[in-house]
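Please examine the sequence and the model shown here. The paragraphs that follow lead through its accessibility, its salt bridge and its strands.

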Amino acid sequence: MKLNYYPETDSLYIDLSSKPSKESIEISEGVVIDYDDAGNITGIDIDNASRKINLNEVILNKIPAQLQATTA
């Protein structure tokens, strides 16, 4: 899973899968869920993210895999 924040558009994309999305459905104003061709969720796009969620804090709790730090 990857969290990608784009300050120029104030959008947060939560990338849940490496599979490409085939369909997108807006489930709430500015919240779009992307699905692959099998109907599995591949990502979540949140527009105006700083107004909808607290972007100052990310807490990872009970992660089943070993974490790797990456630099972008």
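Does Lys-19 count as buried, partly exposed or exposed? Lys-19 is partly exposed, with a relative accessibility of 47%; buried means under 20% relative accessible area, exposed over 50%, and partly exposed in between, with a 1.4 Å probe and protein chains only. This is a predicted model, in which local features need pLDDT of at least 70 and side-chain atom pairs pLDDT 80 or more, while totals for chains, interfaces and linings use all residues. Residues are numbered from 1 along each chain as its sequence is written, and side-chain values use heavy atoms, without hydrogens and water.

The partner of Lys-19 is Asp-36, and the closest N and O atoms of this salt bridge are 4.0 Å apart (a side-chain nitrogen of Lys or Arg within 4 Å of a carboxyl oxygen of Asp or Glu). Because Asp-36 lies in the loop between strands S4 and S5 and Lys-19 in the loop between S2 and S3, the pair ties together parts that are 17 residues apart in sequence. Asp-36 is buried, at 6% relative accessible area. The structure holds 1 salt bridge.

Along the sequence the pattern is β-β-β-β-β-α, where helices (H or I, at least four residues) and strands (E, at least two) are DSSP runs numbered from the N terminus. S3 and S4 pair in the antiparallel sense over 5 bridges; pairing requires at least two DSSP bridges between two strands. Glu-23 stands opposite Tyr-35 in S4. The two strands S3 and S4 form a hairpin with 2 residues between them, and Gly-30 in the turn has a positive phi of about 80°.
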